[in-house]
Amino acid sequence: MFLKNQYVFKLNLKDDLFYPAAYSGAFAVANLLSNDVKSPNSSFGYHVAIGAPGSSIYSTTNNNQYGYKSGTSMATPIVSSAAALVLAKNPSLTGFQVGEILRLSADDNYTSISDNKNYINQIGSGRLNVFKALQANQSPAIRYQKISVEDASIGALAAGDTVNFYFDL
């Protein structure tokens with residue numbers, strides 16, 4: 001179960017995609033602090049699908065030890081576990097449908113948290129909410145995966161020029 005949310009504008013000269021999270025089919029996860037603010041060490045971008053707690057997570061370490069770790073590698077297993085719970089409750093869902101349920105049931109962490117306002121739509125649809133995801137109905141979601149703009153003028157358009165937009169739904 002992997003998907004991504006990526007906006008591609010060929011007019012934009014800055015490519016801010018992070019791999020492997022930005023690969024086609026990946027469900028990219030941002031690392032959030034305990035107060036839902038984007039962690040300073042988290043990747044971000046329009047390809048990120050959702051945010052989850054990923055800072056100071058108690059986990060296994062080397063030599064049969066335990067310790068606190070932070071990063072998207074700590075946030076992603078939390079989202080994977082939530083996906084497994086949603087799929088266990090609804091075994092007929094596809095991976096894409098599970099991802100959409102997680103994404104659409106996420107809590108808004110943009111409007112109420114001023115520290116995230118510079119990252120609008122770049123740390124996912126919000127913070128993972130497992131309870132809401134498990135309560136969600138299976139209503140359909142429409143979401144575009146890719147927008148491409150082809151323009152030979154490098155963004156300097158004049159009246160009467162033609163721009164082609166391509167949408168993959």
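Helices H1 and H2 are roughly perpendicular to each other, a label given to angles of 65 to 115 degrees, while angles under 35 degrees count as roughly parallel, over 145 as roughly antiparallel and the rest as oblique. The model is a predicted one, in which local features need pLDDT of at least 70 and side-chain atom pairs count only at pLDDT 80 or more, whereas totals for chains, interfaces and linings use all residues. Residues are numbered from 1 along each chain as its sequence is written, and side-chain values use heavy atoms, with hydrogens and water left out.

Two packed helices are described by the angle between their axes and the distance between the axes. Here helix H1 (residues 72–89) packs against helix H2 (residues 95–104) at an angle of about 115°, and their axes lie 10 Å apart; the axes are lines fitted to C-alpha atoms, for helices over the stretch in contact, and the angles run from 0 to 180 degrees between N-to-C directions.

Read from the N terminus on, the order of the elements is β-β-β-β-α-α-α-β-β. Of the 169 residues, 37% count as buried, meaning under 20% relative accessible area, with exposed set at over 50% and partly exposed in between (1.4 Å probe, protein chains only).

Among the charged side chains, the count comes to four salt bridges, each a side-chain nitrogen of Lys or Arg within 4 Å of a carboxyl oxygen of Asp or Glu. One of them joins Glu-100 and Arg-103 at 3.0 Å, N to O; because these residues are three apart in helix H2, about one helical turn separates them, and both Glu-100 and Arg-103 are buried.

Asp-107 takes part in a salt bridge with Arg-127, with the closest N and O atoms 3.1 Å apart. Both Asp-107 and Arg-127 lie in the loop between H2 and helix H3 (130–135), yet this pair links distant parts of the chain, 20 residues apart. Asp-107 is buried, its relative accessible area being 18%. The side chain of Asp-107 also meets that of Lys-132 in a salt bridge (3.1 Å, N to O); since Lys-132 lies in helix H3 and Asp-107 in the loop between H2 and H3, the pair ties together parts that are 25 residues apart in sequence. Lys-132, at 37% relative accessibility, counts as partly exposed. Through shared partners, salt bridges join Asp-36, Asp-107, Arg-127 and Lys-132 into one network.

Turning to exposed residues, Pro-40 is placed in the loop between strand S1 (28–32) and strand S2 (48–53), and Pro-40 is exposed, with a relative accessible area of 74%. Pro-40 and Gly-71, 31 residues apart in sequence, are 9.4 Å apart in space from C-alpha to C-alpha. Tyr-66, found in strand S4 (residues 65–69), is likewise exposed, at a relative accessible area of 55%.

Terms used
Helices (H or I, at least four residues) and strands (E, at least two) are DSSP runs, numbered from the N terminus.
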